[in-house]
Amino acid sequence: MSETTTIRISRDTHARVTRLAAERHETIDKTVSAAIRALLQDAMARDLAADLTDEETEWLDADAG
């Protein structure tokens with residue numbers, strides 16, 4: 001880690017992330033980074049699973065030639 005900062009979290013959250021990092025045999029930083037990535041992927045998956053808007057459907061059905 002080249003640069004660090006401090007974030008305020010509850011003692012309970014700190015204990016949970018510390019325990020999870022230990023179970024995964026990785027640093028807290030790596031565990032938190034993986035959690036953030038998973039949240040972003042989850043949001044992306046929800047967006048992709050959503051029904052298309054009328055405008056999106058029209059665009060996809062447009063003649064490309």
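I began with burial: of the 65 residues in the chain, 6% are buried. The model I am working from is predicted.

Next I looked up the secondary structure. I count 3 helices in the chain and 0 strands. Read from the N terminus, the order of elements is α-α-α. I then checked the radius of gyration, which comes to 20 Å; the globule rule gives 11 Å for 65 residues, so I note the chain as more spread out than a compact globule. For the extents, I took the C-alpha trace along its principal axes and got about 55 × 25 × 25 Å.

Charges. I find 8 positive side chains and 14 negative ones. I also looked up how far apart the two sets sit: their centres are separated by 21 Å.

Nonpolar patch. Which residues make the nonpolar surface patch of about 330 Å²? I list Ile28, Val32, Ile36 and Leu40. I followed up on one of these, Leu40, and placed it in helix 2, which covers residues 28–49.

Note on methods: Residues numbered from 1 in each chain as written. Predicted model: local features only at pLDDT ≥ 70, side-chain atom pairs only at ≥ 80, totals over all residues. Heavy atoms only, no water. Patch = residues over 30% accessible without salt bridge, like charges linked within 9 Å, V, L, I, M, F, W, Y side chains within 5 Å. Areas by Shrake-Rupley, 256 points an atom, 1.4 Å probe, with all protein chains shown as cover. Salt bridge = Lys/Arg side-chain N within 4 Å of Asp/Glu carboxyl O. Helix = DSSP H or I, 4+ residues; strand = E, 2+ residues; numbered from the N terminus. Rg over C-alpha atoms; globule rule 2.2 N^0.38 Å. Buried < 20%, exposed > 50% of the residue type's maximum accessible area, 1.4 Å probe, protein only. Lys, Arg positive; Asp, Glu negative; His and termini not counted. Charge placed at Lys NZ, Arg CZ, Asp CG, Glu CD.
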